[in-house]
Every structure is written in C-alpha cells, then in structure tokens.
Amino acid sequence: MFRRIQEREPARAAEVLELLRWNGGNSSGIGIAAVDHRGEVHADQFWQHHSFGNVRERSFGDIWMDTADELLAGLKDRKGLLKGRCAQCQYLDICNGNFRVRAEAVHNDVWAPDPACYLTDDEIGLNGR
C-alpha cells in the first residue's frame, strides 16, 4: 500500500509513512493478546501452542509484564532478534517483523524472515547496501 501511494500520490507519502510508523506494525505480544477458553494467555490467536500463563492462576497484568518467558520478552523487543531480510528491511519500523508465528511455522525459527513478505529485496532496500 505505502509503495503504491509513493508512486501515485507522492505528496501524501510522508503523511502515510508517519501514520504507519505510529501504528508500529504487528503487535503480537506487545499490544495484542489472546486468552483462550481455559484461561491460557497467548501472544495472539495464532499462538495457541505457546502459553505465557493462566489467568486463573495469575492476573493477566502479571503474566503480560513478566518477561521471564523468553518468547514474550523477545516479542516485546524483537527488532534485535530478527534475522535475514526482516532484520535489514527499511520498513521494519512499519511492520515490526510481521507475524513471527508464521516464520516459526515455515522455518521452525520465530526470528526467521516472515515467509509471507511480498516485498522484493530492491523494495526493502537490500540491493543498495
């Protein structure tokens, strides 16, 4: 979307970029959570295989702020953990590495590049470095 606006409406591009950065990209484990029917707390609805704790045993706030869980700590501060294209992408502050659970499903590595990223290496700024 942003690249299309850059091409078609360059005068609006700076405003759109600012709004996208303000949004911050994927916020699983930061501003999004899922609590399932058993009370298990997950980074989002797609992380059903990993629970950070149960709200029947601890308050949600205590679970959510406890960064002793390496995955939760990593999701909250992921940029330094990302690998490959995601780590070097000029749009990282817009997408925040996108869906880490998708990287885990495809690469068996939460911090691997998101396999659904549709941008080319040229578009994310890799070929000019």
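This is a predicted model: local features need pLDDT of at least 70, side-chain atom pairs count only at pLDDT 80 or more; totals for chains, interfaces and linings use all residues.
Reader: How much of the protein counts as buried?

Author: Of the 129 residues, 37% count as buried. The accessible surface comes to about 7800 Å², and carbon and sulfur atoms account for 51% of that surface. As for contacts between residues at least 6 apart in sequence, 44% join residues at least 24 apart.

Reader: Let us go inside. Which residues of the largest nonpolar core touch the most other members?

Author: The general idea comes before the case. In soluble globular proteins, nonpolar side chains tend to be buried together. Here the largest nonpolar core has 15 residues, and Trp-47, Phe-52, Leu-71, Leu-75 and Trp-111 touch the most other members. H3 and H4 each supply at least two residues of this core, and the largest share, three residues, comes from H4. A second, separate core of 12 residues includes Ile-5, Leu-17, Ile-94 and Leu-126.

Reader: What is Leu-71 in contact with, leaving aside its neighbours within four places in sequence?

Author: With those neighbours set aside, Leu-71 is in contact with Trp-47, His-50, Phe-52, Val-110 and Trp-111.

Reader: Now a helix. Which residues of H7 are buried, and why do they line one face of the helix?

Author: An α-helix has 3.6 residues a turn, so residues three or four places apart point the same way. In H7, residues 100-107, the buried residues are Arg-100, Val-101 and Ala-103. Seen down the axis of H7, these buried residues fall within an arc of 160°, so they line one face of the helix. Ala-105 and Val-106, on the other side of H7, are exposed. What covers the buried residues of H7 includes helix H4 (70-76) and helix H5 (84-88).

Reader: I also look at backbone angles. What is the phi of Asn-96, and what is the phi of Asn-98?

Author: Most residues other than glycine have a negative phi, and most peptide bonds are trans. Against that background, Asn-96 has a positive phi near 60°, and the phi of Asn-98 is positive too, near 55°. Asn-96 sits in the loop between helix H6 (92-95) and H7, and Asn-98 lies in the loop between H6 and H7. Asn-96 is buried, with a relative accessible area of 7%, whereas Asn-98 counts as partly exposed at 28%. Just after H7, Asn-108 takes a positive phi of about 55°.

Reader: Next, charges. How many salt bridges does a search of the whole structure find?

Author: The search finds seven salt bridges. One of them joins the side chains of Arg-21 and Asp-93 at 2.3 Å, N to O. This pair links distant parts of the chain, since Arg-21 is in helix H2 (residues 10-23) and Asp-93 is in helix H6, 72 residues apart. Arg-21 is partly exposed at 41% relative accessible area, and Asp-93 is partly exposed at 26%.

Reader: Is Asp-114 buried or exposed, and where does Asp-114 lie?

Author: The side chain of Asp-114 meets that of Arg-102 in a salt bridge of 2.7 Å, N to O. Asp-114 lies in the loop between H7 and helix H8 (121-124) and Arg-102 lies in helix H7, so the pair ties together parts that are 12 residues apart in sequence. At 5% relative accessibility Asp-114 counts as buried, whereas Arg-102 counts as partly exposed at 29%.

Note on methods
Residues are numbered from 1 along each chain as its sequence is written. Side-chain values use heavy atoms; hydrogens and water are left out. Buried means under 20% relative accessible area, exposed over 50%, partly exposed in between (1.4 Å probe, protein chains only). Helices (H or I, at least four residues) and strands (E, at least two) are DSSP runs, numbered from the N terminus. The arc is that of the directions from the helix axis to the C-beta atoms. Contact means heavy atoms within 4.5 Å. A nonpolar core is a set of buried Ala, Val, Leu, Ile, Met, Phe, Trp, Tyr and Cys residues joined through side-chain atoms within 4.5 Å. Accessible areas come from the Shrake-Rupley method with a 1.4 Å probe; for residues, only the protein chains shown count as cover. A salt bridge is a side-chain nitrogen of Lys or Arg within 4 Å of a carboxyl oxygen of Asp or Glu.
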